[in-house]
Amino acid sequence: MIDRYSFLNAINCKYIELLYEKYKKNPDLLESSWKHFFNGFDFVKDNYEKGNKNYLLFKEKKYFSVDDLNKEFMVLNLIQDYKISGHFFANTNSIFDNEYVKKTLPYYINLEKFGLSNNDLNKKFEAGKTIGLNNSSLKKIVDYLNNIYCNTIGIEYMHILNPKKIKWIEKWLQTKKFYLHKKEKIFFLKKLNNAVYFENFVHKKFVGQKRFSIEGVEVLLPVLEDIITYSSDNYNTKCFIFGMTHRGRLNILSNFFRKDISQIFNEFKGKEYNENEEEYSGDVKYHLGFSKVRNTSTGKKIEMHLVPNPSHLESVISIVEGLTRSKIDIYFSKNKKKEYNKIIPILIHGDAALSGQGIVYEVLQLSKLDGYKTGGTIHIVINNQIGFTTNPKDGRSSIYCTDIAKFMLSPILHVNAEDIESVIKTIRFAIDFRMRYKEDIFIDLIGYRKYGHNEGDEPRFTQPILYNKIIPKRINGYEIYKRKLEKEGIIDKENSVKIEKEYEYLLNIKYKNAKNIKYNIVYPFLELKEKNINFSIKSNKDNNLKKLDTSYPKEKILEISKKLFTLPKEKKFFRKTIDIFKKRLNMINEGLVDWSMAELLSYGTLLSEKYDIRLSGQDVSRGTFSQRHAIIKTEGEEEFVIFNKIEKGTNGKICILNSPLSEYGVLGFEYGYSIGSPFVLTLWEAQFGDFSNSAQIIIDQYITSAENKWKIKNGIVLLLPHGYEGQGPEHSSARIERYLQLCAKNNIFIANCTTPSNFYHLLRRQMKLKFRKPLVIFTPKSLFRNKKCISTIEELSTSYFKEVLDDHTIKFDEINKIKKIIFCSGKIYYDLLNKKELIKNDDTALIRIEQIYPLEIKNINKILSKYTKTKKIFWVQEEPENMGLWSYISKKLYKFISFNLISPPENSSPSTGSYENFLKIQNNILDQSFFQ
């Protein structure tokens with residue numbers, strides 16, 4: 001490690017002189033240790049200058065000498081080294097000596113390194129003032145530094161660039177009084193007993209079953225109790241959103257969230273779900289979430305939510321942040337000011353996952369952005385010092401699993417998980433820091449894992465020494481703390497036996513009760529019953545396909561249009577921007593709208609009906625294809641939101657956010673936001689639909705399956721640009737076929753609209769439904785500027801969303817001419833229409849499937865019944881045969897329709913990279929459609 005203060009050994013006078021000049025102008029500009037040093041320097045200067053009565057004493061070396069001055073600098077250097085490196089030598093690891101540190105660092109903190117020796121231990125140094133001591137002996141300074149920086153807490157904070165934060169941290173460490181009352185100590189002892197005994201009980205009653213024991217870091221239970229108590233008592237915090245690993249989840253659900261332990265035991269028995277729950281498949285017990293309103297140990301009423309999550313490590317963290325932000329926006333905002341102290345997101349990580357999963361970086365990058373910040377997250381690491389079977393030296397390149405926090409300039413506290421009182425101290429530090437600076441902070445609970453990755457796994461295959469010789473000798477956290485309190489005279493054996501027996505009795509009663517429970521239950525997460533909307537309504541096929549009135553008065557649409565598309569005259573805009581908005585107004589005057597206008601009008605009308613809207617994604621304010629222009633800029637780069645005139649008064653509010661270049665993290669955030677805000681139209685747009693597979697975990701494990709697994713209601717909208725226009729394999733296909741594979745039990749809506757009016761009504765329908773379902777829309781690209789892709793204002797004001805569109809170009813008396821029917825979906829319709837008009841074909845009908853799932857089969861059959869003279873029916877798509885809708889459509893409609901397929905042949909890549917090849921393929925599709 002490079003010594004940042006080694007220049008002091010040579011007394012770099014020029015540099016010190018520059019610092020001193022800076023100090024004379026403004027002492028607060030300097031780092032605190034230099035500020036204190038120059039305070040001492042001025043004292044010497046004022047009292048020992050030549051001519052002063054003390055000068056002769058100084059010259060006679062009765063006070064200071066050059067050597068003394070040198071050593072003052074050396075002590076300053078020593079202090080600084082403790083601040084920077086002390087955490088490496090702290091007693092934070094009760095299992096291993098820090099071999100990595102021994103091998104990596106060329107030194108330990110010792111006196112000799114700084115030109116000091118044991119002979120100096122009793123000498124007094126002014127440098128002690130920089131750490132809150134008076135003129136103190138070197139021994140006192142070293143003892144003090146060891147206690148703060150090298151005890152069972154090791155803190156990393158010197159990477160922080162803000163001197164005020166460093167000063168606040170040091171002041172807290174040096175002056176904050178930490179004391180636990182007898183009542184608190186006994187409370188924590190009880191919680192440790194509950195954590196340990198729960199694991200022992202389950203281990204004996206359900207032998208070999210997975211539970212992901214918390215043993216080795218059982219201190220987590222008292223940690224969480226202290227978080228809710230300390231923050232609610234001191235900061236009036238009302239709500240806590242938790243995301244956590246599998247490890248310890250069942251323990252936390254029973255002992256912290258107070259889920260019925262009988263039900264948890266029932267889940268171990270693997271019973272089937274109630275027959276009334278047939279539509280839900282449920283999930284394994286250590287994935288489940290839970291919501292609870294309870295009192296803290298001091299009687300404060302608080303709300304807690306543990307977000308359910310799959311086995312995909314760290315995926316839940318973005319959901320937690322989004323859910324937290326939704327609650328901040330809806331419940332904890334006062335006069336446009338966010339009350340971040342009222343809610344805290346807490347993320348509990350595993351050590352291997354924290355350093356291994358890229359989603360962590362994506363979510364941390366959101367933490368200080370205006371549209372995503374949650375006022376700081378408390379990160380707690382359950383550091384088992386192993387990942388499944390992989391040791392840290394094989395699992396990461398960084399020294400600590402928490403090193404990712406440094407790019408965010410967050411403080412990191414490493415703490416020995418066997419020292420509960422030090423752990424509680426770090427928790428209170430973390431809460432105080434979070435509340436003051438509204439930023440993330442990390443606590444690294446360094447412990448161990450008593451068993452294998454799960455209780456059926458044999459850890460001695462890969463860590464024989466650890467699991468044969470070290471861990472079996474450890475006593476649990478409860479025993480350690482019990483002995484400590486017995487030594488302090490706070491409890492005696494009779495007290496501890498009572499604590500143990502009371503909890504043992506409770507578990508036995510709950511175990512017996514579990515035998516009488518017939519079925520497992522899927523508890524709904526975050527049940528919402530507000531504004532008289534029953535979100536638990538069954539979204540069966542009939543409800544999903546029921547026509548819904550999404551009309552809006554024409555005069556009001558015209559009024560909103562003028563507000564949206566009229567630019568303020570006093571502002572100077574880019575010429576092309578002016579032209580776009582002039583064109584929009586001209587179209588309104590003609591009674592027409594294009595795709596982008598229809599989208600903006602759907603938002604404008606919903607805002608007028610008091611619905612809030614949140615749209616995020618990469619480049620969404622302008623739009624990837626320069627189509628939306630919802631936020632525009634003047635030539636002086638002043639931002640202007642075109643919805644400003646509509647948001648006034650009691651109308652809804654709209655938030656449009658250009659997100660970071662992230663799919664996984666941002667979509668997870670928006671999904672979480674949508675969970676907590678059913679009355680907000682929450683949309684996420686991919687830059688190209690092709691890129692949405694970067695967020696496949698969120699789509700697969702949450703959006704499409706969360707209701708079935710966890711009873712989560714969600715109405716998020718995904719806008720995925722899709723269409724073949726010769727832009728290559730990664731700018732053509734949003735992989736419709738993959739989304740269709742995820743469809744079952746009416747879990748989502750999937751659509752590929754071809755008219756602006758249908759898109760408009762679809763967006764409005766999403767908020768008018770009496771239930772919430774995710775909506776995936778495959779949106780166009782070239783159609784933004786296709787002159788045939790136009791709707792009338794009349795269609796916006798009087799119509800509704802149409803799942804299937806018949807061929808409107810065929811008159812009633814021409815129906816018997818139709819010999820061929822082509823079914824299609826999306827942009828290919830306009831290619832077919834152009835070809836049909838070019839060759840003047842009049843015996844072919846083009847029918848569009850607008851809503852792909854659920855499929856409106858009755859309407860399709862009704863349309864088909866009109867065309868009695870039809871001889872051939874084709875399904876035409878521009879995606880290869882093994883992609884797109886073909887597999888889905890042929891399976892759903894084979895009983896009713898005998899299709900012929902026209903498409904490119906099957907391929908492993910969605911599209912060719914050659915534009916000429918693309919044209920050949922596309923022309924071949926069109927030729928086959930009309931000449932086959």
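Trainee: At what angle do the axes of helix α18 and helix α19 cross?

Mentor: This is a predicted model. In it, the axes of α18 (residues 477-487) and α19 (residues 493-514) cross at roughly 150° and come within 10 Å. Angles over 145 degrees count as roughly antiparallel. α18 and α19 are therefore roughly antiparallel to each other. Their crossing is right-handed.

Trainee: Which residues in α18 and α19 meet?

Mentor: From α18, take Tyr478, Lys482 and Glu486. They meet Lys493, Ser496 and Glu500 in α19. By class, this contact has four charged residues, one polar and one nonpolar.

Trainee: Where do I look next? How do α7 and α16 cross, left-handed or right-handed?

Mentor: α7 passes α16 in a right-handed crossing. The axes of α7 (residues 163-175) and α16 (residues 420-437) come within 11 Å, crossing at roughly 145°.

Trainee: Which residues in α7 and α16 meet?

Mentor: α7 brings Lys164, Lys165, Trp168, Ile169 and Trp172. α16 brings Lys425, Arg428, Phe429, Asp432, Phe433, Arg436 and Tyr437. The contact divides into six nonpolar and six charged residues, with no polar ones.

Trainee: Now the cysteines. How many disulfides does the count come to?

Mentor: A disulfide is a covalent bond between the sulfur atoms of two cysteines. Here the count comes to zero. Take Cys401: the nearest cysteine sulfur, that of Cys150, is 19 Å away. The cut-off for a disulfide is 2.5 Å.

Trainee: Is Cys401 buried or exposed?

Mentor: Cys401 counts as buried, because its relative accessibility is 2%. Buried means under 20%. Cys239 is buried too, with a relative accessible area of 1%.

Notes
Residues are numbered from 1 along each chain as its sequence is written. This is a predicted model: local features need pLDDT of at least 70, side-chain atom pairs count only at pLDDT 80 or more; totals for chains, interfaces and linings use all residues. Side-chain values use heavy atoms; hydrogens and water are left out. Axes are lines fitted to C-alpha atoms, for helices over the stretch in contact, and angles run from 0 to 180 degrees between N-to-C directions. Helices (H or I, at least four residues) and strands (E, at least two) are DSSP runs, numbered from the N terminus. A crossing is left-handed if the near helix is turned anticlockwise from the far one by less than a right angle, and right-handed if clockwise. Contact means heavy atoms within 4.5 Å. Ala, Val, Leu, Ile, Met, Phe, Trp, Tyr, Cys and Pro count as nonpolar, Asp, Glu, Lys and Arg as charged, and the others, Gly among them, as polar. Buried means under 20% relative accessible area, exposed over 50%, partly exposed in between (1.4 Å probe, protein chains only). Angles under 35 degrees count as roughly parallel, over 145 as roughly antiparallel, 65 to 115 as roughly perpendicular and the rest as oblique.
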